[in-house]
Amino acid sequence: MALDLAAVVRAVGGECAEARLDARTPVDGVTDISSYVVVGNPNYATLITGSDQELLARLDAGGPASEALTGAVFVTPLTDDHLRAALAASGMTAILGTRLSGVALHATLTTLIAEDRGAADRLVTAGMNVLTQVARRGGLTAVIAELARRIDGWAVLLDPEAQVIASAGAGRLHVSDAIAVATGRPVRVRHHGLQTHQVGSDQDLAGRLVIATRSSRTSHARDLASLAAALFDLLLRTHDPSLTEHLGREALLDTLLAGGPEAPALLHRWGVHESHLTAFELGAKTRTIDTERLIRRWCDELGAEHVFASIQGRVRGFVRTELAPELAARVHGFDPVAGRRLHLGIGTPAPADALAPSATQAHQAIESAFTDDLPVVDFAELSTVSLVFSALDDRAGSEIARVLDPLRDHTGSHGELGATLQVFLATHGAHRASADQLGIHRQTLASRIRRIEELTGLAMHRADDRAAAWLALRAAGL
């Protein structure tokens, strides 16, 4: 809900005399003092109207009834000192000095809450419509990514055995918290306010959805996640007839990457008779874009065979060399909305029986596209450093990155020392420019550089060591 005590004050006038509840507390209902019995939800405020004499009498009486009142908010046009003193002594929040009184005040508050609930319902309905559309394009992973964005938080979908099916916006610690909450394990949860939603029935459990939101509208997140859980139940139980096709394409692509005489023979059966092909790799930072559907449509428009497969959220494949610029033009022409940008990496032409190097080049090119936030990167245009890494396997790259392992902090990240080194080298060792970009004093920068040299054994005044440090930064993805 967006309606809090501060919003009520703006609507009916007066001032919020804070005590147990503050002005940011959301509101969930309104009742007359004579009908009020107990706090409905401790995270929300219930507004109370009516006789101040009855209120004071119940506060003076003490006991459970008086304690329950202090969890509500008294709304009145009165502002006298006696009432203020009694409210302050009991620790009860109130809105005093409203423009309206009596029946008009109660009716106005009722209308405010009804309008707020109506707006919240419309917001949930609109969100569910989008999730349904996203489900058609991208399935489970796209839905959970859109859900995390709409609740301004993170979401984790678990199977009945608490294994992760999909997640969005959640790091390793959040996933651990989600599993602990979903299974009731007696461990310390580092993130409070988690919500768990059952996917399926008790008799036929399909999984559990755990969410967390940074928004104050927790009820909106709860309602949307509850509906999303029902959608996940449907998606998990719906057979995907294209799964066999996806697995087949992956197997066919593996044959092409293995090379040898089997690769051209397979391409001929696939309807591809060119002696050379060019590899491509297409991806996006958001999972709400169906990259496979885009590639399928573009290949149809270009008259190209569907020599591609979707693997781990990216589409990898091969096209005739003369079609690579056409594919790049379509990526350039893709209209990005709210960060929904495509990234394409293109390799160099390779013989049909030795396509693996071109695929490696396309992968290196798209990694550069993601890093530099470019729509298209052609391997032939990569920098010397990128070319060096394209010739190395993952093991060699990891060995280079280990130079910076002494800079890692307790979380495993390279922290401020890694960031300092990256800025220092990117500015060619200029102390003033580096300090300004980092927002620190030059003496602090000098102290950090000395610490980096002590930990890594590198000397920033030596060109070879600076080159080694830069290569290690690139290998570590910094």
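The following legends describe close-up views of a predicted model.

Local features are given only where pLDDT is at least 70 and side-chain atom pairs only at pLDDT 80 or more, whereas totals for chains, interfaces and linings use all residues. Residues are numbered from 1 along each chain as its sequence is written, and side-chain values use heavy atoms, with hydrogens and water left out.

**View 1. A mixed open sheet of five strands.** The strands follow the order β1-β5-β4-β3-β2. Helices (H or I, at least four residues) and strands (E, at least two) are DSSP runs, numbered from the N terminus, and two strands pair if DSSP finds at least two bridges between them. In general, strands of a sheet pair through backbone hydrogen bonds, either parallel or antiparallel. β1 (15-17) and β2 (27-32) stand at the edges with a single partner strand each, so one side of each has no neighbour in the sheet. From one strand to the next, the twist averages 25°; axes are lines fitted to C-alpha atoms, for helices over the stretch in contact, and angles run from 0 to 180 degrees between N-to-C directions. β2 and β3 (residues 45-49) run parallel and are joined by five bridges. V27 has A45 of β3 as its bridge partner.

View 2. Helix α1 (residues 5-12) lies across β1, β2, β3, β4 (73-76) and β5 (93-96). Its direction is at about 20° to β5. Helix α4 (residues 81-90) lies across β1, β4 and β5, at about 160° to β5. Contact means heavy atoms within 4.5 Å.

**View 3. An antiparallel open sheet of four strands.** The order of the strands is β7-β6-β9-β8. β7 (164-168) and β8 (195-200) are the edge strands, and each pairs on one side only. Direction ignored, neighbouring strands of this sheet are turned by 15° against each other on average. Four bridges join β6 (residues 153-158) to β7, and the two run antiparallel. The bridge partner of L158 in β7 is V164.

**View 4. The crossing of helices α15 and α17.** The axes of α15 (residues 415-426) and α17 (residues 442-456) come within 10 Å and cross at roughly 105°. The two helices are therefore roughly perpendicular to each other, a term for angles of 65 to 115 degrees. On α15 the contact is made by E416, L417, T420, L421 and F424, and on α17 by L445, R448, I449, R451, I452 and L455. By class, this contact has seven nonpolar, one polar and three charged residues. Here Ala, Val, Leu, Ile, Met, Phe, Trp, Tyr, Cys and Pro count as nonpolar, Asp, Glu, Lys and Arg as charged, and the others, Gly among them, as polar.

**View 5. The largest nonpolar core, with 28 residues.** A nonpolar core is a set of buried Ala, Val, Leu, Ile, Met, Phe, Trp, Tyr and Cys residues joined through side-chain atoms within 4.5 Å. Buried means under 20% relative accessible area, exposed over 50%, and partly exposed in between (1.4 Å probe, protein chains only). L131, I144, L147, L209, I211 and F232 touch the most other members. At least two residues each come from α5 (102-150), β6, β7, β9 (205-213) and α7 (218-237). α5 gives the most, with twelve residues. A second, separate core of 23 residues includes A284, C299, A328 and V376.

View 6. L344 counts as buried because its relative accessibility is 0%. Between L344 and A284, 60 residues apart in sequence, the C-alpha to C-alpha distance is 8.7 Å. Not counting residues up to four places away in sequence, L344 touches several residues, including F280, L282, A328, I366 and V376.

Methods. Angles under 35 degrees count as roughly parallel, over 145 as roughly antiparallel, 65 to 115 as roughly perpendicular and the rest as oblique.
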